[in-house]
Amino acid sequence: MKTTYIPVAEDFQPLGEAVDAERIDRPSLSYWQDVSRRLRSNTRATISLYMVVALVLFTVAGPWLWRVDPALQDLEQISQAPNLGRFALIIADKEPLTEVTARQISQPAGSTSTAPQRLRVLGTAHSEGVTIAWDGVAGASGYQLYRHELEPSGINDLGLPLDQLRASKLSYQDRLGLETRRYYYSVVALFDGAEEDSFASLPVDVEQAIRLSEAHFRGLVDDASDSSLIGSKIRLEVHPFGTDYLGRDMLARLMWGARTSLFIGLVAPLLYVAIGLAYGGLAGYSGGRTDNLMMRFADFVIALPFLLFMILFKIAFGLGPGESGVGPMLLALILLSWPATARLVRGQVLQIREEAYIAAARLMGASAPYLVARHMLPNVMGVLLVSLTFAIPTAIFIEAFLSFIGMGVVPPTPSWGSMCNDGIRTMLSHPHELIFPAVFISMTVLAFNLLGDGLRDAMDARMRSDS
């Protein structure tokens, strides 16, 4: 027999926690919100983003905080290693020249040695001058003086010839490019103009010195006439990254060089990516014969040699050797680098124009400019942004390479590439002049490349979560 169920009030009570546990409380994310979330979850991309932000702050705010002229030459501190301010000995503006002649000293009785004896330093050995004296050799017609940065291993390894002196002069003051380091001075006696096989050698530790007037000019002392300061020591300017071969502050030049390198690395990609966007979008939307002709021209531009056109543009600009090639470099990058972006955008537009929502928009009467501006370009911007992040380090590396070979930015304008070119000359003796700009180039290129990888993964629609 069929029965009829009559509902009661208890049937309409809340079901309890079981239903609440299945309810989805997290709101759905938009495309760009999901991109941001996945980009933040990528550790490498996040670190790279922080590195890019730090580089921008270093470039923009750095010169305001570190107010040192990048072109200021301090010949007292040439090729100094990184330091927090060296101490320098204050000396008089005109130090008396101490000379020793043969009349002032006598040869020891019974001595038969042909090597000068009692090789010694007169006064204090400092970067403004080192005075070497020795006892004469009986019968010598003169003396040859040498200086070496390493301890001599024999008569054929005495180093740089400084001067050849007559027999009556038994001292020499060296002022030739002295640095704060240890030198080995050697003296060889000459008989009838020929050097003997024996020599005397003396290690000398040179300390930093500065003249009183120079210290006053640089603001290190208050009174240039206070002779009581002579012989005391003062702390020189701080150079955290050292100085280059002309005594210019490396940190200041790295900051201003970053402006040059990033200007080229940002302006050129922005311009040729914009050209590639317009060209590739037009080719992809037009299709057919127009698309074919436009892309064949793009293939022709890709085949053009960049370095050859860089040389031709320098000639066309009337630039000679030693003149900055920033203008030709920008022109060559813009005119020859857009086809890669154009091909990428064209492929995306060809795919998008076949989508159902594009056909629906056409049926509703949407015009071609509306379709391009409203539907196609926004869908291309993600791929374009990734392309831009890869184009920036490429442009920076090209600028560094061209400046390194002398075809880009030239001194005195600093750039990382030209600084590497300068540092290669002193790579063995002063490696910091090459290491610092090379590290900044490497870190910048690496940061932008890793950021581009992260953006590519974050903008991939196939990796988007279903939330």
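**Close-up views of a predicted model**

**View 1. Val204 and the residues around it.** Setting aside neighbours within four places in sequence, Val204 touches Val121, Ala125, Val130, Ile132, Arg181, Arg182, Tyr183 and Tyr185, where contact means heavy atoms within 4.5 Å. Val204 sits in strand S9 (residues 200–205); helices (H or I, at least four residues) and strands (E, at least two) are DSSP runs, numbered from the N terminus. With a relative accessible area of 3%, Val204 is buried. The cut-offs here are under 20% relative accessible area for buried, over 50% for exposed, and partly exposed in between, with a 1.4 Å probe and protein chains only. His126 is 78 residues away from Val204 along the chain, yet their C-alpha atoms are separated by 9.6 Å.

A quick note on what you are looking at: this is a predicted model, so local features need pLDDT of at least 70 and side-chain atom pairs count only at pLDDT 80 or more, while totals for chains, interfaces and linings use all residues. Residues are numbered from 1 along each chain as its sequence is written, and side-chain values use heavy atoms, with hydrogens and water left out.

**View 2. H9 against H11.** Two packed helices are described by the angle between their axes and the distance between the axes. For helix H9 (residues 326–352) and helix H11 (residues 368–404), the angle is about 155° and the axes are 10 Å apart. The axes are lines fitted to C-alpha atoms, for helices over the stretch in contact, and angles run from 0 to 180 degrees between N-to-C directions. H9 and H11 are therefore roughly antiparallel to each other; angles under 35 degrees count as roughly parallel, over 145 as roughly antiparallel, 65 to 115 as roughly perpendicular and the rest as oblique. The crossing of H9 past H11 is right-handed, and the rule is that a crossing is left-handed if the near helix is turned anticlockwise from the far one by less than a right angle, and right-handed if clockwise. On the H9 side, the contact residues are Met329, Leu333, Thr341, Leu344, Val345, Gln348, Val349 and Ile352. They meet Met376, Asn379, Val380, Val383, Leu384, Ser387, Ile398, Glu399, Leu402 and Ser403 in H11. By class, this contact of H9 with H11 has 12 nonpolar, 5 polar and 1 charged residues. Ala, Val, Leu, Ile, Met, Phe, Trp, Tyr, Cys and Pro count as nonpolar, Asp, Glu, Lys and Arg as charged, and the others, Gly among them, as polar.

**View 3. H3 across H6.** Here the axes of H3 and H6 come within 8 Å and cross at roughly 110°. That makes H3 roughly perpendicular to H6, and H3 passes H6 in a left-handed crossing. From H3, the contact uses Leu55, Phe58, Thr59 and Val60; from H6, Leu251, Leu254, Met255, Ala258, Arg259 and Leu262. Sorted by class, the residues in this contact of H3 with H6 are 8 nonpolar, 1 polar and 1 charged.

View 4. Helix H12 (residues 416–423) is mostly covered, with 7 of its 8 residues buried. Those buried in H12 are Trp416, Gly417, Ser418, Met419, Cys420, Asp422 and Gly423. Their cover includes helix H3 (43–60), helix H6 (250–286), H11 and helix H13 (432–458). Ser261, in helix H6, counts as buried at 1% relative accessibility. Leaving out neighbours within four places in sequence, Ser261 is in contact with Ile396, Glu399, Ser415 and Trp416.

**View 5. Aromatic rings.** Rings of Phe, Tyr and Trp (its six-membered ring) pair if their centres lie within 6.5 Å; planes under 30 degrees apart count as stacked, over 60 as edge-to-face and the rest as tilted. By this rule the count comes to 8 aromatic pairs. Take Tyr279 and Trp338: their ring centres are 4.7 Å apart and their planes are at 55°, so the pair is tilted. This pair links distant parts of the chain, with Tyr279 in helix H6 and Trp338 in helix H9, 59 residues apart. Tyr279 is buried at a relative accessible area of 18%, and Trp338 is buried at 7%. Ring pairs join Tyr279, Phe297, Phe300 and Trp338 into a cluster.

View 6. Most residues other than glycine have a negative phi. Ser79 is not a glycine, but its phi is positive, about 55°. Ser79 lies in the loop between helix H4 (62–65) and strand S1 (87–91) and is buried, with a relative accessible area of 7%. Arg118, not a glycine either, has a positive phi of about 50°. Arg118 belongs to strand S2 (residues 117–126) and counts as exposed at 52% relative accessibility.
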